[in-house]
Amino acid sequence: MIKRRKLKGAAHIHTSVSYDGVMSVEEISSFFRGKKFDFVLITEHSENVSNNELNKLISECKRFSSSEFLIIPGLEFSCRDNLHILGFGINKTLESDDPLEVIHHIRQQQGVAVLAHPTKKNYALDRIWIEELDGAEIWNLAYDGKFLPQVKSIRMFKKLAEQNPDLKPFGGMDLHQEKNYYDIALRIEPKNLNQNQILKDLKEGNFTVESRFFKKKPGIRINWVSLLIIFAFREVLNLVRKMRDLSSVR
Ligand SMILES: [Zn+2]
Ligand SMILES: [Zn+2]
């Protein structure tokens with residue numbers, strides 16, 4: 001039997017449509033093709049993005065996609081209390097900062113609703129909208145750093161999953177420019193490379209979050225042994241960084 005090749009995706013990517021992004025869709029396309037990715041999930045900050053600009057983004061994503069490489073447009077909605085919710089595969093904006101309304105808006109368009117960097121602030125997490133989410137980031141490169149996620153992010157995910165047992169763990173780059181890249185991928189085995197199929201696989205949790213030292217399948221619990229290993233690794237990393245910083249001051 002021939003085993004289908006797993007597709008590699010980059011999630012939570014900002015282009016210059018976001019006020020703090022610098023790369024054009026074309027640059028994002030050639031950068032991630034060069035890194036051997038098969039698809040990219042764009043999430044522009046919803047502030048200052050009109051429906052017009054979103055439509056432009058959608059056509060740019062189509063223009064730089066092909067049968068081998070897919071760019072899926074989306075938004076990162078800013079809600080009250082500094083809460084950010086990713087909407088993958090979105091084609092309409094929404095003027096609301098209510099998390100429940102935002103999640104419903106995303107899901108009405110068959111988009112995927114994912115809570116971004118849940119540990120950024122100590123959010124006042126109220127149950128109602130958490131139960132409506134498709135997923136939450138267990139690892140956000142911009143907030144957690146390279147190599148491994150933070151233990152507090154994994155703990156936070158577990159806490160959220162107690163309220164929503166269907167919650168899927170996502171990995172996101174939160175990439176705004178090339179130099180912040182690190183290889184955190186969503187791996188899927190879809191029947192074919194098209195937007196609906198990929199969004200469906202993400203919604204259903206048919207994917208893993210993979211990086212060189214990390215692999216997380218949805219539904220499989222993270223036990224305290226792996227938490228301890230991750231904690232130990234991070235301590236070693238911090239030590240190495242400290243030593244490197246010390247040697248550079250001489
Ligand atoms: Zn954010
Ligand atoms: Zn972001």
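1. One open sheet has 6 strands in the order 4-2-1-10-11-12, and its pairing is mixed. Strands are DSSP runs of E with at least two residues, helices are runs of H or I with at least four, and both are numbered from the N terminus. Two strands count as paired if DSSP finds at least two bridges between them. The edges are strand 4 (70–72) and strand 12 (214–216), each pairing on one side only. From one strand to the next, the twist averages 25 degrees.

2. **Basis of the model.** This is a predicted model, in which local features need pLDDT of at least 70, side-chain atom pairs count only at pLDDT 80 or more, and totals for chains, interfaces and linings use all residues. Residues are numbered from 1 along each chain as its sequence is written, while chains are lettered from A and ligands numbered from 1 in the order in which they are written.

3. **Strands 2 and 4.** Strand 2 (residues 39–42) pairs with strand 4 in the parallel sense, over 3 bridges. Within this pair, L41 stands opposite I72 of strand 4.

4. Helix 7 (residues 195–204) lies across strand 2, strand 4, strand 10 (185–188) and strand 11 (207–211). Helix 7 runs at about 65 degrees to strand 4. Axes here are lines fitted to C-alpha atoms, for helices over the stretch in contact, and angles run from 0 to 180 degrees between N-to-C directions. Contact between two residues means that their C-beta atoms, placed from the backbone, lie within 7 Å.

5. **Pairing around strand 8.** Strand 7 (residues 112–115) and strand 8 (residues 135–140) run parallel and are joined by 2 bridges. V114 has G135 of strand 8 as its bridge partner. Strand 8 also pairs with strand 9 in the parallel sense, over 5 bridges. There, N140 is bridged to G172 of strand 9.

6. A residue is buried if 20 or more other C-beta atoms lie within 10 Å of its own, exposed if 12 or fewer, and partly exposed in between, with C-beta atoms placed from the backbone. Both faces are covered: K168, F170 and G172 are buried on one side, P169 and G171 on the other.

7. **Nonpolar core.** The largest nonpolar core holds 58 residues. Such a core is a set of buried Ala, Val, Leu, Ile, Met, Phe, Trp, Tyr and Cys residues joined through C-beta atoms within 7 Å. V40, I72, I85, V114 and A136 touch the most other members. Helix 6 (residues 151–163) supplies the largest share, 5 residues.

8. **A136 in detail.** A136 sits in strand 8. A136 is buried, because 27 other C-beta atoms lie within 10 Å. Leaving out residues up to four places away in sequence, A136 touches V114, L115, P118, F157, L160, L167 and F170.

9. **Two positive phi values.** N82 has phi near 65 degrees, a positive value in a residue other than glycine. N82 lies in the loop between strand 5 and strand 6 and is exposed, with 9 other C-beta atoms within 10 Å. D174 also has a positive phi without being glycine, near 50 degrees. D174 is in the loop between strand 9 and strand 10, but D174 is buried, with 22 other C-beta atoms within 10 Å.

10. **Domains.** The domain assignment gives domain 1 (7–219) and domain 2 (222–250). Such bounds come from an automatic or database assignment. The C-alpha centres of the two domains lie 27 Å apart. Contacts link 4 residues of domain 1 to 7 residues of domain 2. On the domain 1 side there are 4 nonpolar, no polar and no charged residues. Ala, Val, Leu, Ile, Met, Phe, Trp, Tyr, Cys and Pro count as nonpolar, Asp, Glu, Lys and Arg as charged, and the others, Gly among them, as polar.
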